[in-house]
Amino acid sequence: MSTLISSELADFISGPVMMVVSTRDQRFRATIGRGTGAMYDEATGLIDLFVCRAQWPDVVENAAPGGKIAATFVRPTDYLCYQIKGVIEDITPATEAEAARGQLYVERMLTLMEALEVRRAQLSHSLCARDLMRIGFHPSDVFLQSPGPHAGERLAGATA
């Protein structure tokens, strides 16, 4: 297990969390989209994040090996939030199993958000499991981003 990604954080990012992912273009302008599931691979040290290419084409287009990425993971039930920054290792189309995992993620999040009184129609346009791409990245920094006095606090990674 990476010293950056504890087993608790690995479980958190693969759990029922909303995800925002950002990559940047050649002029360093940020592009932002939603993730459709993520998981940490202890064997490779990579976080695999899934993004709908059809819905977030600029995020995917700017996700090049060696490029920077930032992903924010927010648990909607209590707003516990982490941001993980890193360097992209590779980007590939999702396998059939990964696409099925993405679809399960969308259904799980729509159900959870509905229980929190957010209508499916409010989110169904921004949660997408078709045309998924897997962005594998090596985490370099982890920040707590939950609202409160410790928001923005670096938990692990390179020093500023």
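**Figure 1. Surroundings of Ile 5 in the predicted model.** Beyond residues up to four places away in sequence, Ile 5 touches Ala 10, Tyr 40, Ile 47, Ile 84, Pro 139 and Val 142. Ile 5 also belongs to the largest nonpolar core, a set of 37 residues. Together with Leu 49, Phe 73 and Ile 84, Ile 5 is listed among the residues with the most contacts inside that core. Another core, of five residues, lies apart from it and includes Phe 50, Cys 52, Ala 94 and Leu 132. In soluble globular proteins, nonpolar side chains tend to be buried together.

**Figure 2. Strand 1 and its two antiparallel partners.** Strand 1 spans residues 18-24 and is mostly covered, with five of its seven residues buried. Six bridges connect strand 1 with strand 4 (residues 68-75), and in this pairing Val 20 has Thr 72 as its bridge partner. Five bridges connect strand 1 with strand 2 (residues 30-41), where Ser 22 stands opposite Ile 32. Strands 1 and 2 form a hairpin with five residues between them. Within the turn, Phe 28 has a positive phi of about 65°.

**Figure 3. The salt bridge between Arg 134 and Asp 48.** The two side chains meet at 2.8 Å, N to O. Arg 134 belongs to strand 6 (residues 132-144) and Asp 48 to strand 3 (residues 46-52), so the pair ties together parts that are 86 residues apart in sequence. Arg 134 counts as buried at 10% relative accessibility, and Asp 48 counts as buried at 8%.

**Figure 4. The salt bridge between Asp 131 and Arg 53.** Here the side chains meet at 3.0 Å, N to O. Asp 131 lies in the loop between helix 4 (120-123) and strand 6, and Arg 53 in the loop between strand 3 and helix 2 (57-61); the pair therefore ties together parts that are 78 residues apart in sequence. Asp 131 is partly exposed at 35% relative accessibility, as is Arg 53, with a relative accessible area of 34%.

Figure 5. Arg 75 is partly exposed, with a relative accessible area of 27%, and Asp 78 is partly exposed, with 45%. A search of the whole structure finds six salt bridges.

Conventions. Residues are numbered from 1 along each chain as its sequence is written. This is a predicted model: local features need pLDDT of at least 70, side-chain atom pairs count only at pLDDT 80 or more; totals for chains, interfaces and linings use all residues. Side-chain values use heavy atoms; hydrogens and water are left out. A nonpolar core is a set of buried Ala, Val, Leu, Ile, Met, Phe, Trp, Tyr and Cys residues joined through side-chain atoms within 4.5 Å. Buried means under 20% relative accessible area, exposed over 50%, partly exposed in between (1.4 Å probe, protein chains only). Contact means heavy atoms within 4.5 Å. Helices (H or I, at least four residues) and strands (E, at least two) are DSSP runs, numbered from the N terminus. Two strands pair if DSSP finds at least two bridges between them. A salt bridge is a side-chain nitrogen of Lys or Arg within 4 Å of a carboxyl oxygen of Asp or Glu.
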